Amino acid sequence: MVELLKAFIKIILIVWIAYSAIVDDSKNLLLLYDMSLVQAIMYIGSVIINAGMKISMAYFIIGIADYIYQKWKFKDDMKMTKQEVKDEYKNAEGDPQVKGKQKAKMREASQRRMMQDVPRADVVITNPTHYAVALKYDAQEAEAPIVLAKGTDYLALQIKEKRKKRRWK
């Protein structure tokens, strides 16, 4: 729609410029009958050249304005909407729901491995209600104790239970 409007304005502008250039010289066009052939051809040539120069200047100005508009329009068209940004992120990084499921499975696998290491712990340090940390200390292996398992709330209870079962065996 914008391109149609631009073309329509260009046509109207050029016709108006050509018309005004010819009307300015229309008084002298009636004098062509009194001129010689060479003078009449030179006069008509100058009228055409004058109108052509005015039309050329108009096209130059229109071209600059159109260039500026096209550059702005291109930049505006290259901007992505919020939905396009979300879709691109989803395509590049993967669906967040799928990634969440993968992380949950990895967390579960990590907890299973961690719970398998609890029986090897030398000590389980607990807070009475919320936290539990299973540590293994071997002076030849490391200078500081190694954390084998840690957890809060339900996981802390599981660590305590697993350690109690090992202690009674």
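The aromatic count comes to one pair, where rings of Phe, Tyr and Trp (its six-membered ring) pair if their centres lie within 6.5 Å; planes under 30 degrees apart count as stacked, over 60 as edge-to-face and the rest as tilted. Tyr69 and Trp72 form this tilted pair, at 6.1 Å centre to centre and 40° between the planes. The model is predicted: local features need pLDDT of at least 70, side-chain atom pairs count only at pLDDT 80 or more, and totals for chains, interfaces and linings use all residues. Residues are numbered from 1 along each chain as its sequence is written, and side-chain values use heavy atoms, without hydrogens and water.

Helices (H or I, at least four residues) and strands (E, at least two) are DSSP runs, numbered from the N terminus. Tyr69 is partly exposed at 24% relative accessible area. Ile68, also in H3 (residues 37-78), is exposed at 53%. The classes are buried under 20%, exposed over 50% and partly exposed in between (1.4 Å probe, protein chains only).

Three strands form an open, antiparallel sheet in the order E1-E2-E3; two strands pair if DSSP finds at least two bridges between them. E1 (123-126) and E3 (146-152) stand at the edges, each with a single partner strand, so one side of each lacks a neighbour in the sheet. Six bridges join E2 (residues 131-136) to E3. Ala134 has Ala149 of E3 as its bridge partner.
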